[in-house]
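Reader: Hi! I have a structure open on my screen and would like to walk through it with you. Can we go piece by piece?

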Amino acid sequence: MSAEESPAERVAIGISFGNSYSSIAFTSSEGKAEVIANEDGDRQIPSILSYVEGEELHAGQAKSQLVRNAKNTVAYFRDFLGKDFKSIDPTPCHQAAHPIQHESTVAFKIQDSAEETENTVTVSQITTRHLKRLRISASDYLGKNVNAAVITVPTNFNDEQKDALKQSAKEAGLEVLQFISEPIAAVLAYDARPEAKLTDKLVIVADLGGTRSDIALVASRGGIYTLLATHHDFDVNGFQLDQALMDHFAKEFIKKHKSGGDPRENDRSLAKLKLECEAVKKALSIGTSASFSVESLSNGVDFVATINRSRYEILASKIFSAFARLLVQTVEKVNLDVLDISEIILAGGNSNSPKVSSAVANLFPQSTVILAPSTSATAINPSELPVRGAAIQASLIQEFELEDIEQSTHPAVTVTPHTKDPVGILLISGDENSGVFNVIVDGETPLPAGGDVLLKLVEANRHIKITKTEPKAREPSSDSDSEESDEEEEEVREKEYKVSSVLSEAALRGLKKGAKIEVQINIGHDLTVNAIFREVGAKTGVRGVLQGPKVTQNGSA
Amino acid sequence: PVLPEGWAGEKDFKPIGHLSPSTDRNIEPVGPHFLAHARRKRHKRTFSEDDRI
């Protein structure tokens, strides 16, 4: 399997490999990404392996072994790959096989064969076995031998982690065509839909996962993505949502059954409680109430209860708002304002919860589009976003030589200058301050770039200036004191542009009334601006060239 | 909008300023538009040359 497949024989899929869940997807001949269910019918495939008398159980079947066979069940291992033991956080594994130090890497001591001996299995080997099962599921579904994949990784995955994952994939019979980052895959999943329109926008991808939350701020300019900021949080996560439910039901149980004891104090009871609470959480994303029922939860006492969604939202409200605050913090990290954000993509299984999107919506202006199942009818299932993006990317590069992919992804990428501020034209009727600014090429646009606008002219004879501006968030204080004293003051904030420097002026003479003007500007690599102003239908126009500044670029190689 | 009286420029175009320096950033090697960008860059083509092919 080590020989590289020639592109002609390649069957590539997209894989999203998470700590809690993994998924697999392929792109159909019509160019639509489809998520593949494994043989249990799961599209969200738990990243868990378990061994019972030498038999390997995977995914959902392995997950139920967390109750009876926790010691031989390996879970939440993705973030351990390519790391040394000291740098990992083993907390998620408390209820499964514990990670141990093994040479320079992390391993697990499990009984993975029929014999009664414990073997040391490294995290790389576990990953290989997991990926192999995923590969087999995809191959069975497609009826073809899958041998290549595009795998999504978090933005903070370093090269060692990628190399370790690549090696594990290779041993599982998968050639990794490319690693793409999870948030970018999510943006691609949305942009690749036929109805999607490519616009210049700032997008936040907020992934609320099981063991971690990842926020990424992405500038999308004409379908090219630039990562502006990322934030990773390991304290605000889906497990906390489970925990809120676990505490709630545990307390109810203690109240009702004095003899039962606290189910959180016994490992097996705790495992049962956790599994059921995750199921309850999922049910509450879809329905407004859910029932909790565990046979012999603790001390042989069964427990049945129900909970409605609003109760759950109160229990977990702190976590939801903590998550929403992470988004704002990420925006502020790069000195942007919530007003600059045009779209928020909610990803990760926990984003299925309607409260996540409403908590986020509270902190962002109404103009911000929130893409989540509860706020948008066309939203894609948040759990499937990265894997869909990976499947689309896999289909795009499937036919390329590996060498081509490597060359394209390296030097071509890094050396791309981006504009600092938006460039556009100012429509003025007297002095500059009363002008209306129209963006043509937005800030943070990779160069070379071009853009044109069509303007409808109302009066003949007009004056156009290309100006360069900076967006400013204005915060005028509210005019009246708020009636209720401790209510937070509603402040009115809006985005406005301030002209920072005029680049050039141009004049068009003798225009007809109501004429339309077309303005086209192209900005080259060296910051040379080419501008053309033309009345629609006219043969001639004004054109001009602005040379780039002579100073060297920031941080050029 | 009106043209102020006495406004003049060579061929009606008057360059005044420069763009402020750009920042080098990584673009993500993902998606069809990136692949087109990479193709242009590797063959040192411009947009219009690329369109012709």
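Author: Happy to; we will go from the chains to the sheets, then to the helices and a few single residues. Keep in mind that this is a predicted model.

Reader: Good to know. How many helices and strands does chain A have?

Author: Chain A has 12 helices and 28 strands. Of its 557 residues, 53% count as buried.

Reader: And what share of the contacts in chain A join residues at least 24 apart?

Author: That share is 63%, taken among contacts between residues at least 6 apart in sequence.

Reader: Let's look at sheets. What is the strand order in the open sheet of five strands?

Author: The order is S15-S14-S13-S18-S19, in chain A, and the pairing is mixed. At the edges are strand S15 (224-233) and strand S19 (369-371), each of which pairs on one side only. On average, neighbouring strands of this sheet are turned by 20° against each other, direction ignored.

Reader: How many bridges join S14 to S15 in chain A?

Author: Nine bridges do, and the two strands run antiparallel.

Reader: Now the three-stranded one. What is the order there, and what is the pairing?

Author: In chain A the order is S8-S9-S10, with antiparallel pairing in an open sheet. S8 and strand S10 (119-122) are the edge strands, each pairing on one side only. The twist from one strand to the next averages 45°.

Reader: And how many bridges are there between S9(A) and S10(A)?

Author: Four bridges, in the antiparallel sense. One residue pair to look for is A:Phe108 with its bridge partner A:Val121 in S10(A). Helix H2 (residues 123-142) of chain A packs on this sheet and touches S9 and S10. The direction of H2 makes about 75° with that of S10(A).

Reader: Switching to helices: which residues of helix H11 in chain A are buried?

Author: A:Leu402, A:Ile405 and A:Ser408 are the buried residues of H11, which covers residues 402-409. Seen down the axis of H11(A), they fall within an arc of 130°, so they line one face of the helix.

Reader: How do the axes of H11(A) and helix H1 of chain B cross?

Author: They cross at roughly 90° and come within 10 Å, with H1 being residues 32-42 of chain B. That angle makes H11(A) roughly perpendicular to H1(B).

Reader: Which residues meet there?

Author: From H11(A), A:Asp404, A:Gln407 and A:Ser408 meet B:Phe34, B:Ala38 and B:Arg42 in H1(B).

Reader: What is A:Ser353 in contact with?

Author: Setting aside neighbours within four places in sequence, A:Ser353 is in contact with A:Ser285, A:Tyr312 and A:Phe320. A:Ser353 lies in the loop between S18 and helix H9 (354-363) of chain A, and with 4% relative accessibility it counts as buried.

Reader: Last topic, backbone angles. What is phi for A:Tyr76?

Author: Phi of A:Tyr76 is positive, about 50°, although the residue is not a glycine. A:Tyr76 sits in the loop between strand S7 (73-75) and strand S8 (99-102) of chain A, and is buried with a relative accessible area of 8%.

Reader: And A:Glu103, is that buried or exposed?

Author: A:Glu103 counts as exposed, at 66% relative accessibility. Phi of A:Glu103 is near 50°, a positive value in a residue other than glycine. Look for A:Glu103 in the loop between S8 and strand S9 (105-110) of chain A.

Methods: Residues are numbered from 1 along each chain as its sequence is written. Chains are lettered from A and ligands numbered from 1 in the order in which they are written. This is a predicted model: local features need pLDDT of at least 70, side-chain atom pairs count only at pLDDT 80 or more; totals for chains, interfaces and linings use all residues. Side-chain values use heavy atoms; hydrogens and water are left out. Two strands pair if DSSP finds at least two bridges between them. Axes are lines fitted to C-alpha atoms, for helices over the stretch in contact, and angles run from 0 to 180 degrees between N-to-C directions. Buried means under 20% relative accessible area, exposed over 50%, partly exposed in between (1.4 Å probe, protein chains only). The arc is that of the directions from the helix axis to the C-beta atoms. Angles under 35 degrees count as roughly parallel, over 145 as roughly antiparallel, 65 to 115 as roughly perpendicular and the rest as oblique. Contact means heavy atoms within 4.5 Å.
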